[in-house]
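Work through the exercises below with the sequence and the model at hand. Each task is followed by a solution in steps.

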Amino acid sequence: MRVAIVGAGITGLSLAYELLKRDHTVTVFEGATHVGGELATVEVGGESVERFYHHLFTHDHDMVALASDLQVDDRVEWMEPEMGYYTNRRVYPFTSPIDLLRFDALSLSGRARLALGTMLLQRTRDFRVFEDRTAAEVLPQYVGQEAFEVVFASLLRAKFADHWESISMAWMWARLMARARTRTRDKRRERLGYFRGSFRVIPDALAASVVSHGADLRLRTRVEAITLGDSDSPVLWADGSAFEADAVVATVGLPIIRRLIPRAHHGFATSLATTAYVGACVVLLHIREQLSRFYWTSIGDRDLPFAGLIEHTNFVDCERYGGARLLYISNYLPAGHEFFQLSDDRLVERFINPIARVFPRFERQHIVEAWVSRDPVAQPVIAAGYQRRKPSYSSPIRGFYICNTSQIYPEDRGTNHNVRIARECADQLEADASSLIIGCQSA
Ligand SMILES: Cc1cc2nc3c(=O)[nH]c(=O)nc-3n(C[C@H](O)[C@H](O)[C@H](O)COP(=O)(O)OP(=O)(O)OC[C@H]3O[C@@H](n4cnc5c(N)ncnc54)[C@H](O)[C@@H]3O)c2cc1C
């Protein structure tokens, strides 16, 4: 079967890898000059580092297995970084249960409710009881209103911006479970993984493998439209030329898919629009000085213009980057937010004083270089009842398939699940192959 894949991020490349294992013919269309999508990197001190911060959880078995398959598992390293939480003009250590006991931004009874409620939630085995309820509705019942407002509401806002009140409790539960499962045995720290050479090790190895197994990987080739051929099979348009395949799989976000699919399928396009997205706007700073001991500092105060400060070189040794210190400034925002329009310089300027409020050691003169990355289609909004809206791999358009992050549920989206859905989608294509190929031959 001839399969065309739109997008050479980790999903598109994992899918190509799986389809080649099943002896299909694969062409991958990628609009950018490089593979990897959200795993794109910059070079600092001769080493690659992601434009968007990344780490692995200990239970990210699909990623680790893929790394092993690609013979790059020797690059996986596990660290136990410290976490912080900024609220009331102070950074609190937020790594261990003892930190929680000392977290005096909450009253003593607030801390007790938080600990007890989180424990109870983590004992719930079946997320389906939460699927139709929002985290904003359920969480206060478990952890109390005070802890909900001080801790969880800001975490939800940080990830989903204006959509935070609609987020499914099933998503929140999965996230709490993931964080609990990645803790060390004594529960004192989280154990997080990283690839020596950055996460791009995986898309690079995948691209090399699929090309060596016969895939046609076309970089700088943006897909402009998908139309229907004579036999109603999908025809993909790129660089003004048509490309016919038995099946087309789009791994790009739903808003992009809606623009690509045939107008005749207006109803399908409308159904995809029921999933909203927020964008990611992330600045990576190369700075001269270490700012704190924390890898990840979540920002609880709403008057700051970012949701997290992530000091990557408190996770990965700065010697790897020739001694450079690396700080990410993280924001998830609606695509219409002014941060998606401001020039890079003006955006960085906006952050200088606020960073110094969190880490008084920080000064403008510490900045050596800055990289601004924006992805307006970064995070599907997983609202209550999402299980009914989640798109399936197959679609009402014969031969047209979707395999993207909107199908990751209830887990938080991440590379491990991209690898998993790519395998599931390949299985589905394999199961459908005979009907797709016969249809094409009868054209
Ligand atoms: C800020 C941030 C932090 C993250 N942190 C983590 C983390 O810690 N751990 C983790 O596991 N995951 C993390 N993720 C998630 C992870 O990066 C994504 O789940 C994963 O990279 C998505 O891969 P993808 O292939 O589905 O999509 P993408 O990477 O978006 O790839 C889609 C590709 O399609 C291409 N494309 C778009 N339109 C077209 C077109 N018309 N024609 C051809 N090509 C097109 C794009 O150029 C891109 O290369 C993070 C993401 C972000 C944004």
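The exercises cover a helix pair and the ligand shell.

The model is predicted: local features need pLDDT of at least 70, side-chain atom pairs count only at pLDDT 80 or more, and totals for chains, interfaces and linings use all residues. Residues are numbered from 1 along each chain as its sequence is written.

**Exercise 1.** Describe how helix H4 and helix H7 are arranged, and which residues make the contact.

Solution. Step one: locate H4 at residues 108-123 and H7 at residues 169-181; helices are DSSP runs (H or I, at least four residues), strands likewise (E, at least two), numbered from the N terminus. Step two: the two axes come within 9 Å and cross at roughly 100 degrees, axes being lines fitted to C-alpha atoms over the stretch in contact, with angles from 0 to 180 degrees between N-to-C directions. H4 is therefore roughly perpendicular to H7 (65 to 115 degrees). Step three: Thr118, Leu121 and Gln122 of H4 meet Trp173, Leu176, Met177 and Ala180 of H7 (C-beta atoms, placed from the backbone, within 7 Å).

**Exercise 2.** Which residues come nearest to the ligand, and between which domains does the ligand lie?

Solution. Step one: of 34 residues around the ligand, Gly7, Gly9, Gly37, Gly414 and Thr415 come nearest (C-beta atom, placed from the backbone, within 6 Å). Step two: helix H1 (10-21), strand E15 (277-287), strand E20 (367-380) and helix H13 (415-441) each supply at least two shell residues. Step three: domain 1 (2-44 + 199-274 + 385-442) and domain 2 (55-95 + 189-197 + 277-380) both give residues to the shell, so the ligand lies between them; the bounds come from an automatic or database domain assignment.

Methods:
Angles under 35 degrees count as roughly parallel, over 145 as roughly antiparallel, 65 to 115 as roughly perpendicular and the rest as oblique. Two residues are in contact if their C-beta atoms, placed from the backbone, lie within 7 Å.
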